[in-house]
Amino acid sequence: MADSSTPAPAPSKGTVFIRRTTSTVLLWAIVAGTCYSMNAAAYLGLLAALTLLAAMEYFRMVQEDGVHCYPRLGMLTTAAYCGVVFHTFNSGGKMLPAEIDLFAIAFITMAAFALQLRYPVHGNDVLLSVASTVLGFIYIPFLFNFATRIVFLVPGPSEVPGAFLLLWLLAVTKFTDMGAYIVGSMIGKNKMIPHISPGKTWEGFAGAVFFSQLAACGLYALMPVKLAVLSGWPHVIALGFILCLLAVVGDLAESVVKRALGAKDSGKMLPGIGGSLDLIDSICFTAPALYFYLIWVLKVA
């Protein structure tokens, strides 16, 4: 009789590749369907669902590692923030008032400290409880919802005027991940940052740069009118490099979180990829960069 306590063997690279490819194709089908709908509620609903799932995974990982935090407070604040974002943009708003962000961050910080007052102070546990709760909000709902802002920042008559810009952002970000994975798996030898992510290699990074430019320039060449807000090739190429670098950093940032919490994946929702947080980790870093580039460099507002 087999020992039920024996861990299952790790899947082969081929199995992981097939699972990852299947999940990727399914996800792109969902994204393509949402893009085709050109419906504001569909966009907002998809982005809110990913935000809530990722936040849930984060707080579950924190709890499973034994860190005392306030997941109900974190999820309540996340849900309320997503609700305000949904209402603002679905009602025709073009920008989320800065006061909403400031209020949400101030609220969760003060509420976490208030809840902590019920317990005695043991070393730095108090700070870990408050910090892990506040980080969960800033890292996921706050950063990821820059993707939502981009959709409605661009001027245009459509319900979702920045739909193709969001598609371009997702393509550049995910082609970066895909390029790093494919090239790193095929020829990767020189470790890039082994103390954080042993699988990352400099060869994979070169692949990430190449694939990100392939997506950035390829989509711009195919849809120059729909992506006219990018204002020409110099900005497309520059953004391709910036987003590639931040996609890699965002991916490594999640690796830091998972390594600190002793987790391999944030969830099991997507075979070969992991959970929702594994899916949006790099977008949490690339979306704010594109948003501020649009406002400060391209003067889009």
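Mentor: The largest cavity is lined by L44, L47, A48, C82, V85, F86, N145 and T148, where a cavity is a set of points on a 1 Å grid over the protein atoms alone at which a 1.4 Å probe fits but cannot get out, and lining residues have an atom within 4 Å of a point. This is a predicted model, in which local features need pLDDT of at least 70 and side-chain atom pairs count only at pLDDT 80 or more, while totals for chains, interfaces and linings use all residues. Residues are numbered from 1 along each chain as its sequence is written, and side-chain values use heavy atoms, with hydrogens and water left out.

Trainee: How much space lies in the largest cavity?

Mentor: About 40 Å³, taken as the space filled by probe spheres set on the grid points, which are joined across faces, edges and corners.

Trainee: And which helices supply at least two residues each of that lining?

Mentor: Those are α2 (40–64) and α3 (71–90), helices being DSSP runs of H or I with at least four residues.

Trainee: Switching topic, is D278 buried or exposed?

Mentor: D278, found in helix α10 (residues 276–280), is buried because its relative accessible area is 9%, and buried means under 20% with a 1.4 Å probe and protein chains only.

Trainee: What lies 2.8 Å from a polar atom of its side chain?

Mentor: The backbone nitrogen of G275 does. Leaving aside residues up to four places away in sequence, D278 also touches several others, including K174, E254 and K258, contact meaning heavy atoms within 4.5 Å.

Terms used: 1 Å grid on protein atoms, 1.4 Å probe; cavity = no way out; pocket = protein on both sides within 12 Å on 5 of 7 lines; lining within 4 Å. Buried < 20%, exposed > 50% of the residue type's maximum accessible area, 1.4 Å probe, protein only. Polar contact = N/O pair within 3.5 Å; in protein donor to acceptor, adjacent residues only side chain to side chain.
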